[in-house]
Amino acid sequence: MKDFRTLKLLDKLEKLFTSFGVDYKIMRKILQMKLTMDSRRVPTIFSQNAKKKGKENSNQYISSLWIYVLFGLFLVIFVLMEENYLFQMSLFYGIFTFIIMTSMISDFSSVLLDIRDRNILFPKPVDRRTISTAKMVHVMIYLSFLTIALVGLPLIIGLIKNGILFFLVSLMNVILLNLLVVGITALLYLFILRFFDGEKLKDIINYVQIGLSLAMMVGYQLLVRSFELIDLTISLDPQWWHVLIFPMWYGAMMEMVMNGVYQPFYLLFSALGVLVPLLSIWLYVKFNPTFEQSLQKLVYQGKAKVKKRSKLKQWILSVICRSHEEKTFFKFASLMMKNERDFKLKVYPSLGFSVVIPFIFIFSGFENDLDSLASSKSYLSIYFSLIIIPTIMLLLKYSGKYKGAWIYGVAPIDGLKPLFSGTIKAFLFNLYLPIYLLLSVLFIALFGVRILPDLFVVFINSCLYAVICFMFIKQALPFSESFDDSNQTGNGLLIFALMLFAGLFASIHFISTLVSYGIYVYLVVVLLCFVLIWRKAFDVTWEEVRS
């Protein structure tokens, strides 16, 4: 097996691991195996022959880190701001924590909750602490790669602009934040594992992960609103709830070190910033045997419940889907979206963001002038909910049970059109429509019934946008590929490019509101475009799917 450079660097900490009772040589061997397996891409059903020679050992996670380098360019702005370190670095650490936490939830929770180590290594003469430490170090290695990609450039620029002290304190804060994120996530899962079993436990973990993602989004907004701009000077009026916004702990630490401000709340925040991450990791290590034992509950599958489809749902299905094949694939895709946990974990946080983001933009613009909100055109911020569509359309081809995709080849169908159209309709009906209806109700409450024609246009544009995204994304059978391939390098750029279409729809919508009855003309045009494109979009052949 390959001797990774990461492990050679880890060798320098051998005495530290040994002092905690870890068998370092065994842990190193486990990590070497895990990293080797990570570098091997799992072949997918209909694209095995498309693998290029020399790519078999490429690690898709590492090769996709360039997108975090782009995020790092945005963080440079906060490093170059004027020297109000509490404000600028609190925002810096807030954005950093948001990205790290969402990555921890989407990419690394499966590692923390992996029970394969228990099945393979527990029967062997390997110390339990060594196994659990290897799992934690495995996560930290990849978090380190992500962290370097994200904050490497901003910290180097900070070193040049603000000096070595700024660089060292920032580096320490970033390490502490990583420890805090890992520790809190692990302890939260430990708490859940203690009280729930089997299928219910898995569902609760899913919803907690989704809730964490949304909490990070809301928490970032609270962080921004903690500061006030008075005569172009940023000020902070300390409140008790600021203690709960942990990025401010590290902003306060930077302010204290760089500007010599030693007020009581700066000292309190700095102390919390050091002690809480260390305490969370210590608690995780202490209760890790309980955590590993509780993971066994994930094996229990529970009894499947068979639910009868109501007559109303059957009638809706007959209206939405014309052919028997399309109805079948609609129901199949609906069940996959409902029961596929990996899919829900990656998609549901995005659905939550799509509800929150429009209101963030509304209240950011009308924070001090809510009276004029009802007569404004800020209802067009509902188009921000469309940015989730390309991401979900891309994820529709992935599944944790992708090996079952052989069933497409033996299904008695003449063509692929009902398969794709049924799946897209299932996505629009089951995932997007509830979000759209919720936003519509809230927007009508804010802006009045005058926006009803606009909301109809938004829905048709959403359906048209979904079809356009389907046409641009490389065709693959729904749920037929492994999630291991979902981090491919070109995906992020493709999603960003597709988001421009949402901006185009919103721009044309805005222009239509400037003309009398323009919105009704736009509605007719969009509806005609949707009907024409829908008829042609799903004419996909088996050869196109397999290529």
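What follows is a dialogue on reading confidence, a helix face and aromatic pairs in a predicted model.

Colleague: Where does pLDDT stay under 50 in this model?

Modeller: In this predicted model, the protein chain averages a pLDDT of 79, and 80% of the residues score at least 70. The values stay under 50 over residues 41–58, for which the model has 35 contacts beyond four places in sequence, and also over residues 229–233, for which there are three such contacts.

Colleague: Which residues of helix H14 are buried, and why do they line one face of the helix?

Modeller: An α-helix has 3.6 residues a turn, so residues three or four places apart point the same way. In H14, which runs over residues 324–339 and reaches 23 Å from its first C-alpha to its last, close to the 22 Å expected, the buried residues are Glu326, Phe329, Phe330, Ala333, Ser334, Met336 and Met337. Seen down the axis of H14, these fall within an arc of 165°, so they line one face.

Colleague: How should I read the aromatic pair of Phe265 and Phe269?

Modeller: Planes over 60 degrees apart count as edge-to-face; the rings of Phe265 and Phe269 have their planes at 85° and their centres 5.6 Å apart, so this pair is edge-to-face. Both residues lie in helix H12, four residues apart, about one turn of the helix, and both are buried.

Colleague: What parts does the pair of Tyr436 and Phe459 tie together?

Modeller: This pair is tilted, with 5.0 Å centre to centre and 45° between the planes. Tyr436 lies in helix H18 and Phe459 in helix H19, so the pair ties together parts that are 23 residues apart in sequence. Tyr436 counts as buried at 7% relative accessibility, whereas Phe459 is partly exposed at 23%.

Note on methods
Residues numbered from 1 in each chain as written. Predicted model: local features only at pLDDT ≥ 70, side-chain atom pairs only at ≥ 80, totals over all residues. Heavy atoms only, no water. pLDDT = per-residue confidence, 0-100. Contact = heavy atoms within 4.5 Å. Helix = DSSP H or I, 4+ residues; strand = E, 2+ residues; numbered from the N terminus. Expected span 1.5 Å × (residues − 1). Buried < 20%, exposed > 50% of the residue type's maximum accessible area, 1.4 Å probe, protein only. Arc of directions from axis to C-beta. Phe/Tyr/Trp six-rings, centres within 6.5 Å; stacked < 30°, edge-to-face > 60°.
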